[in-house]
Amino acid sequence: MVEENGNDDLKGIRVQGMQFSYDGQPPLFVNFNLNISPGSRCLLVGANGSGKTTLLKIMAGKHMVGGRDVVRVLNCSAFHDTQLVCGGNLAYLGGSWSKTVGSAGEIPLQGDFSAEHMIFGVEGVDPVRREKLIELLDIDLQWRMHKVSDGQRRRVQICMGLLHPFKVLLLDEVTVDLDVVARMDLLDFFREECEQRGATLVYATHIFDGLETWATHLAYIQDGELRRAEKLSDVSELKNSTNLLSVVESWLRAETKRERTNPSNPVNQIQKTNNPFASSPFVSSRHMAYYR
Ligand SMILES: Nc1ncnc2c1ncn2[C@@H]1O[C@H](COP(=O)(O)OP(=O)(O)OP(=O)(O)O)[C@@H](O)[C@H]1O
């Protein structure tokens with residue numbers, strides 16, 4: 001996934017030599033590199049806790065990591081150049097029930113407001129795009145946000161997140177509450193946005209239905225390390241199987257097995273001792289190294 005336009009005209013995403021730890025935690029990312037080409041639809045896959053959400057939040061400018069050159073989105077620093085988000089070029093849709101709306105900051109989506117109030121409250125929107133999204137997501141503008149189902153609330157959140165024609169969209173498993181029709185229609189909309197406007201999309205998910213023909217690229221993270229980053233058409237395992245779910249499942253199963261059987265994994269050495277972590281085969285070697 002090499003950025004095709006060179007560093008001076010970067011239209012996608014470039015993460016270079018990134019280090020990141022949560023306060024008081026062992027490092028999650030150490031010298032992490034990833035390039036995402038403009039116009040691509042990149043799936044971010046990995047086990048629970050591998051770092052997908054953290055990476056998306058870093059790319060969305062929600063965590064500071066090093067200097068201005070470490071995480072570049074559309075040739076700007078994801079963290080420092082606040083106009084990226086405020087201007088609508090960079091959009092992030094995550095799991096929490098709130099929506100960052102430009103300079104208005106985080107808008108809660110569970111108060112006693114109508115869907116209309118929420119959606120029409122976003123300023124500077126093309127009315128044609130707004131109508132299209134309301135229709136696509138089958139939103140009833142009379143819905144009261146404190147009385148809707150999770151799926152209905154999610155539709156409003158997604159609608160608000162897509163009102164501005166983003167250039168880069170970071171999605172953290174937001175389709176999980178949607179029914180199949182809404183999910184497939186939304187995926188079609190995203191494809192259109194990439195193909196017609198050259199938008200770039202990164203989508204972290206554990207649901208692979210319909211994604212074999214939708215995604216263009218795939219990035220696989222294990223325990224904060226990038227294991228694979230390639231075009232979907234180049235994933236050798238997919239040449240024998242069209243089932244992305246079973247391919248990713250085999251990677252994650254192999255990962256668990258490796259952790260359990262690797263003799264150099266401190267977990268397995270310490271299992272012979274009275275160490276309190278020894279009972280968990282899922283504690284990573286990186287974390288064990290930190291706790292030793
Ligand atoms: N706010 C936080 N403070 C400390 N540690 C955190 C915080 N958020 C996440 N972590 C840790 O960082 C690691 C990566 O978490 P992250 O949420 O990025 O994983 P993920 O791949 O998105 O997982 P999932 O598939 O379960 O959503 C985990 O070990 C997690 O415990």
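The legends below describe close-up views of a predicted model.

**View 1. The protein chain as a whole.**
The protein chain contains 10 helices and 12 strands. Of its 292 residues, 35% count as buried. Among the contacts in the chain with a separation of 6 or more, 62% are made by residues 24 or more positions apart.

**View 2. The six-stranded sheet.**
An open sheet is built from 6 strands in the order β6-β9-β10-β3-β11-β12, and its pairing is mixed. β6 and β12 (225-231) stand at the edges with a single partner strand each, so one side of each has no neighbour in the sheet. From one strand to the next, the twist averages 15°. Helix α1 (residues 52-59) packs on this sheet and touches β3 (41-45), β6, β9, β10 and β11 (217-222). The direction of α1 makes about 150° with that of β10.

**View 3. Strand β9 and its cover.**

**View 4. The partners of β9.**
Strands of a sheet pair through backbone hydrogen bonds, in either the parallel or the antiparallel sense. Strand β6 (residues 90-93) pairs with β9 in the parallel sense over 4 bridges. In this pairing Leu90 stands opposite Val168 of β9. Strand β10 (residues 200-204) also runs parallel to β9, and 5 bridges join the two. Leu169 stands opposite Leu201 in β10, and the bridge partner of Leu171 in β10 is Tyr203.

**View 5. The crossover from β9 to β10.**
Helix α6 (residues 180-197) forms a β-α-β unit together with β9 and β10. The unit is right-handed.

**View 6. Gly210 and its surroundings.**
Gly210 is located in the loop between β10 and β11. This residue counts as partly exposed because it has 14 C-beta neighbours inside 10 Å, whereas a buried residue needs 20 or more and an exposed one has 12 or fewer. Apart from its neighbours within four places in sequence, Gly210 is in contact with Met184 and Leu187. Arg183 is 27 residues from Gly210 along the chain, and the C-alpha atoms of these two residues are separated by 9.7 Å.

**View 7. The four-stranded sheet.**
Another open sheet has 4 strands in the order β2-β1-β4-β5, with antiparallel pairing. Its edge strands are β2 (29-36) and β5 (76-77), each of which pairs on one side only. Strand β4 (residues 71-73) is joined to β5 in the antiparallel sense over 2 bridges. In this pairing Val73 stands opposite Cys76 of β5.

Technical notes: Residues numbered from 1 in each chain as written. Predicted model: local features only at pLDDT ≥ 70, side-chain atom pairs only at ≥ 80, totals over all residues. Pairing = 2+ DSSP bridges. Right-handed = clockwise from strand over helix to strand, strands pointing away. Axes fitted to C-alpha atoms, helices over the stretch in contact; angles between N-to-C directions. Contact = placed C-beta atoms within 7 Å.
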